[in-house]
Amino acid sequence: MKKTIWYISKYASPLKYGFGTRHFYLAREFSRLGINTVIISSDSNHLANIPSRDSSYTKEIIDGVETWWIKTIKYKGAASFRRILSWLDFEIKLWLMPMSKLPKPDVVIVSSLSLLTIFNGYWIKKKFGCKLTFEVRDIWPLTIIEEGDFSKWNPFVMLLAWAERFGYRKADVIVGTMPNLSEHVEAVMGRQMNCHCVPFGYDPELYSRSELLPSGYEERYIPPNKFIVGYAGSIGTTNALATLMNCAIEMKDLDNIHFLLLGDGDLLGYYKARLNGRTNVTFAPKVKKSQVQTVLDHCQVLYFSVMDSKVWR
């Protein structure tokens, strides 16, 4: 009989809604291997444009993958109280979900964020007698301690630390995108754990073609005949864009060099205000993932940086 995987993450998103995540690409490949795959996610996601649902639970078939959307509290900013409320709303509704409509799982994969989903994952493991895989995509609460200036004694941080340890302890296997994840897990748990790296990949089909940008986008945001230094991604604390901004300020008199930042984030307003009036910097609105490559084709240099923190060790 076919094996069945449940892949649960509040932030799973298909490319059709503007931002394709790892979950859907892996689920599609699982399906192609003959594995029955179910994704359970939320319709509230600050990175994607997922349509709001009328029902608390809505089924949709995407690329052959059975997908269940849970209607949850909407929020805008990544760093907001409503985002935490949306996490809690997702967990409560996941626990109440009528799972008799779904095929019985052989494996349940719980993918962060939110870390709180690991509690539901363990409950599903006990309910169905299946294996539990804990996929760590963001190392919380270490990230908000190191890069968000939260105290390790903050009650919310302590709750997340407990959830992290619970997940490591109860999972049958721990996987993550980070090659050195095992060092962190062993530091947290004080002993060696069953950890494996499943690194980021990419979909060759997505980058084998260039999708046209929206009408007028190139003319408005991409200056012609310039040496363009480009950045594409979130504009927030963890992306460490201060160095790039300082370079743009110091190089303001070099007319042939232009800085192009593509994306959105909590610090977008701050950086726009700081560089207000600079003609050598453009903040371009985000585009569909299938169009990002088209923007990057106009750049001569691409910028990527991270904060000097334990997260990136």
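Leaving aside neighbours within four places in sequence, Met 307 is in contact (heavy atoms within 4.5 Å) with Glu 147, Thr 237, Thr 238, Ala 240 and Trp 312. The structure is a predicted model, in which local features need pLDDT of at least 70 and side-chain atom pairs count only at pLDDT 80 or more, while totals for chains, interfaces and linings use all residues. Residues are numbered from 1 along each chain as its sequence is written, and side-chain values use heavy atoms, with hydrogens and water left out.

Met 307 belongs to the segment that follows β12. Helices (H or I, at least four residues) and strands (E, at least two) are DSSP runs, numbered from the N terminus. With a relative accessibility of 25%, Met 307 counts as partly exposed; buried means under 20% relative accessible area, exposed over 50%, and partly exposed in between, with a 1.4 Å probe and protein chains only. Between the C-alpha atoms of Met 307 and Thr 21, which are 286 residues apart along the chain, the separation is 23 Å.

An open sheet is formed by 4 strands in the order β11-β10-β9-β12, with parallel pairing; two strands pair if DSSP finds at least two bridges between them. Its edge strands, each pairing on one side only, are β11 (281–284) and β12 (301–302). Strand β9 (residues 227–232) runs parallel to β12 and is joined to it by 2 bridges. The pairing of β9 with β10 is also parallel and extends over 6 bridges. Gly 230 stands opposite Leu 302 in β12 and opposite Leu 260 in β10.

Strand β10 is largely enclosed by the rest of the structure, because 6 of its 6 residues are buried. In a regular strand the side chains alternate between the two faces of the sheet. From β10, Ile 257, Phe 259 and Leu 261 point one way, whereas His 258, Leu 260 and Leu 262 point the other way.

Helix α11 (residues 289–296) lies across β9, β10 and β12 and runs at about 175 degrees to β10. Helix α9 (residues 242–250) packs on the sheet and touches β9, β10 (257–262) and β11, its direction making about 150 degrees with that of β10.

Two packed helices are described by the angle between their axes and the distance between the axes. Axes are lines fitted to C-alpha atoms, for helices over the stretch in contact, and angles run from 0 to 180 degrees between N-to-C directions. Helix α3 (residues 117–128) packs against helix α5 (residues 155–170) at an angle of about 30 degrees, with the axes 9 Å apart.

Within α5, Gly 167 has 0% relative accessibility and so counts as buried. Apart from neighbours within four places in sequence, Gly 167 contacts Ile 118 and Phe 134. Gly 167 and Tyr 122 are 45 residues apart in sequence, and their C-alpha atoms are 8.2 Å apart.

The axes of α3 and helix α2 (residues 81–96) come within 9 Å and cross at roughly 10 degrees. Here Phe 90, Glu 91, Leu 94 and Trp 95 in α2 meet Thr 117, Asn 120 and Trp 123 in α3.
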